[in-house]
Amino acid sequence: MNKAGSILRPVPGTISLTAPALMAYNLLFLLSCIAFVSSSSHAYVYPPLVEGLSFTFYKSTCPDLESIVRSYLEQLFQSDISVASGLLRLHFHDCFVQGCDGSILLDGSFSGPDEKDATPNLTLRPAAFKAINELQTLITQACGPVVSCADITALAARDSVRLSGGPDYEVPLGRRDGLSYATMEEVLSFIPPPTSNVTDLIDLFGKLDLDAYDLVSLSGAHTIGIAHCASFENRLFPAQDPTLDQTFAENLYLTCPVANTSNTTVLDVRSPDAFDDEYYVDLLNRQGLFTSDQGLYTDARTQPTVTVFAVDQSLFFEKFVYSMTKMGQLSVLTGDQGEIRKNCSAINAVDDFLWSVVDGDGGESKLL
Ligand code: HEM
């Protein structure tokens, strides 16, 4: 069904795309990718893989890894689907701050408050951290201590997307866990606040070699999950943001009647638990929750991409996979860098510090 003719309620300034324009956009997107289809079993286009990562990294050392992760999460989500959004956000917060090295999972710090205590991380879900630790226990029981916590986090994010109805993509593996904590300052510099405008976001993403397309597609992760009033009350108090749809705003005031409440609401008002492209339809209808979300539609640099994703979910999925794979490879540690943590919440003790010699693609690890 063509959403442009159904769910999509026109709002002032909406661009309507003709079929040729859509085809041209698709073509442009594909050409702009450095085409890399790793094998016929991968339906999506992936960016080039960082040296040291591969889709088959644990093929010999932990062949059941992906099925262990998926079946654990399938079961968990049956009782609580909300952990899916928590796991997806966890991977983002891991990767944006000093790379996808599992440092977000660490308790405590060498000195001062830990990475988890930085303001943007306070709303990460305890259930998501717990799921990673339980997964690690299961994986270690099956394969020994060969799989990094950073890889488990990346796989859990993928399965959260998939099990919520999103694309089923391949995850390059072989990340190693970091040996250092990120500071509060680093977290604040790299996790953008929801009050950011598009210029701020493009600048920040640019520092990580992510472009404006990546910004729009990765923001589509806000198709699942929730937010606290504190994250969007700048749009309600002291005065209502004029870019908010009136009915949507009235409902937000019911959730957050005054400033500083701890209530929550869903990020995607149309389909809060489903990974789909309705988030972009929200934006077209001025029902984006954060300044950073709605700005993607009001800013001319990102509006065409929002508009096209709102009517073409397959294209959104393709681009999301591409951008997630870029994000998932940010400053990764590979080979003999870092370690395989025995416990995702703590750096290995010095005694059991030196784990592995990585043996080719199989990533074989052994105690020295
Ligand atoms: C573009 C800049 C981004 C900003 C400013 C932003 C900001 C936020 C904020 C403020 C929240 C709600 C926190 C709360 O009040 O509880 C949130 C939730 C969330 N974010 Fe983002 N985010 C961004 C990008 C991303 C990316 C790239 C991803 C993943 C690829 C992501 C995934 C999520 C998810 C899934 C949730 C819901 C979490 C839950 O239900 O527990 N976000 N984000």
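Modeller: What follows starts with the charged pairs and then turns to the iron and the nonpolar cores.

This is a predicted model. A search of the whole structure finds 14 salt bridges. Start with Asp214. Its partner Lys319 has its closest N atom 3.1 Å from an O atom of Asp214. Asp214 sits in helix H8, residues 212-219, and Lys319 in helix H13, residues 313-327, so the bridge ties together parts 105 residues apart in sequence. Asp214 and Lys319 are both buried.

Asp214 also forms a salt bridge with Lys326, where the closest N and O atoms are 2.6 Å apart. How buried or exposed are the two partners? Asp214 has 0% relative accessibility, so Asp214 counts as buried. Lys326 has 21%, and therefore counts as partly exposed; the cut-off for buried is under 20%.

Next comes Asp282 with Arg270. Their side chains meet in a salt bridge at 2.6 Å, N to O. Asp282 belongs to helix H10, residues 278-284, while Arg270 is in the loop between strand S2 (264-266) and H10, so this bridge joins parts 12 residues apart in sequence. Asp282 is buried, because its relative accessibility is 1%. Arg270 has a relative accessible area of 23%, which means that Arg270 is partly exposed.

Some salt bridges form a network. Glu66, Arg70, Arg158, Asp159, Arg162 and Asp168 are linked in this way. Side chains of opposite charge can pair when their charged atoms come close.

Now the iron. Which residue is the only protein donor of the ligand's iron atom? That donor is His222, through NE2, at 2.1 Å. His222 lies in the loop between H8 and strand S1 (226-228). Helix H8 is also where Asp214 lies.

Last, the nonpolar side chains. The largest nonpolar core has 80 residues. Leu65, Leu87, Leu90, Ile139 and Tyr280 touch the most other members. Take Leu87. Leaving aside residues up to four places away in sequence, Leu87 touches Leu73, Phe77, Ala128, Ala131, Ile132, Ala156, Ala157 and Ser160. Another core, of 12 residues, lies apart from the largest one; among its members are Phe232, Leu244, Leu252 and Cys256. In soluble globular proteins, nonpolar side chains tend to be buried together.

Definitions and conventions. Residues numbered from 1 in each chain as written. Predicted model: local features only at pLDDT ≥ 70, side-chain atom pairs only at ≥ 80, totals over all residues. Heavy atoms only, no water. Salt bridge = Lys/Arg side-chain N within 4 Å of Asp/Glu carboxyl O. Helix = DSSP H or I, 4+ residues; strand = E, 2+ residues; numbered from the N terminus. Buried < 20%, exposed > 50% of the residue type's maximum accessible area, 1.4 Å probe, protein only. Donors = N, O, S within 2.8 Å, 3.2 Å for Na, K, Ca; no water. Core = buried A, V, L, I, M, F, W, Y, C linked by side-chain atoms within 4.5 Å. Contact = heavy atoms within 4.5 Å.
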